[in-house]
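Thanks for coming. Please look at the sequence and the structure while I talk through a few local features.

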Amino acid sequence: MDSCKLQLMALLAVLLLKTAIGTAATWISIIPQGVCVAPGDHIQLDCTLRAASYNDTRLSFYKGSVLVNNTNHDFPKLCRRRGSRCKWDLTARLTVDPASASDEDVYRCEAVQDGRPYTASATVFVQYRSEFQLPTSRVADLGESVTVLLDRKCDQLEPVSVTRTGKDGVVKVLPYRYGREDDRSAYVDKTYGALEIPNFKCTDAGYYNFTVMARRGFEPVSTSKSMYIGLNASCEGCCPEDATVAPTRKSTANTQAETTAVRGVIEKLGCAENNTAYIVVIVVLVSAIAGCVVMILYYRRKLDLTKRNQTEVNVEANDEADPLKSGPNYTEMTGVSV
């Protein structure tokens, strides 16, 4: 029984090995898949056919549907051993120098092996600015994890800067860091240049400005686009700033009620449509305030007079009780008769 298992396992291993040797996947790639160059600079695209069965397989470049002849095939042909067989990595390079506006197009690299076509493509922009797509707006729920990934047609590895303008008009530059750092606030991921909001909060709502910071030769070039990220309409009133609207409306209602009550009093006086009623009310209020002020001043003056009289009486009593001031010697020394 054990020998049968060993034989089956050995047979299976041989079959897997032969399969791996004979059917190594052949695929084609082009680098970069998107490129932006300034007018006058050069365009360079590298196409590689990996695991080709024959080392004489031809790689061809097309601009749109037109074959491009200025292709360099003088690259070492790398052999990857698969048992006794060889799988070849073949490379070709397309160079356009200098680039002009007419060179902007979609370029394709093609190869045919055993009757099967292989194709890869790249988009070339001849311009100073970067090229990317961004949605104009989106909504999110509280606590939702939000990711906004730029659809970059070129400059895929260039850094991205993002600022947020909140409802209060304050502009904040979001940190540019890696996602593995332990922080639940919004940031820009260094790996993909994507906006990450791990836990969407009320303060995360606002306008986001994305800027791709690329270079054309030695010249820095910045390209910006904006989008709005707002709170889902189903959560209206969830944020503290939205909740403060209710007291404001209540206060306005109270003010209107008080105004209506005053007008009702005036109407009872029989002169709701006459300015005389307002004058009468003002005069009564001013008279009442003036009366209060007069009474306060009167009682304050009366209190001051009472304190002054009491002070004089105390002084006279002290003088009479002092023997130095009441004897004849005091009269002779001061000339004051007591």
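**Strands, rings and one glycine**

I start with a pair of residues: Tyr187 has Glu196 in β19 as its bridge partner. This is a predicted model, in which local features need pLDDT of at least 70 and side-chain atom pairs count only at pLDDT 80 or more, while totals for chains, interfaces and linings use all residues. Residues are numbered from 1 along each chain as its sequence is written, and side-chain values use heavy atoms, with hydrogens and water left out.

Strand β18, residues 187-189, and strand β19, residues 195-197, run antiparallel and are joined by two bridges. A word on terms: strands (E, at least two residues) and helices (H or I, at least four) are DSSP runs, numbered from the N terminus. Two strands pair if DSSP finds at least two bridges between them. In general, strands of a sheet pair through backbone hydrogen bonds, either parallel or antiparallel.

Which order do the strands of the open sheet follow? The order is β13-β19-β18-β17, four strands with mixed pairing. At the edges are β13 (146-148) and β17 (176-177), each of which pairs on one side only.

Tyr187 comes up again, as Arg177 lies over the face of its ring, at 3.6 Å from the ring centre. The charged end of Lys225 sits over the ring of Phe132, 5.1 Å from its centre. The rule is that NZ of Lys or CZ of Arg is within 6 Å of the ring centre and within 35 degrees of the ring normal.

Next, Gly143, which is found in the loop between β12 (137-140) and β13. Leaving aside neighbours within four places in sequence, Gly143 is in contact (heavy atoms within 4.5 Å) with Pro198, Asn199 and Phe200. Gly143 and Phe200 are 57 residues apart along the chain, yet their C-alpha atoms are separated by 4.8 Å.

How many aromatic pairs does the structure hold? It holds one. The rings of Tyr207 and Tyr228 have centres 4.8 Å apart and planes at 55°, so the pair is tilted. Rings of Phe, Tyr and Trp (its six-membered ring) pair if their centres lie within 6.5 Å; planes under 30 degrees apart count as stacked, over 60 as edge-to-face and the rest as tilted. Tyr207 is in strand β20 (residues 206-216) and Tyr228 in strand β21 (residues 219-231), 21 residues apart.

Last, the hairpin: β7 and β8 have two residues between them, and Gly83 in the turn has a positive phi of about 70°.
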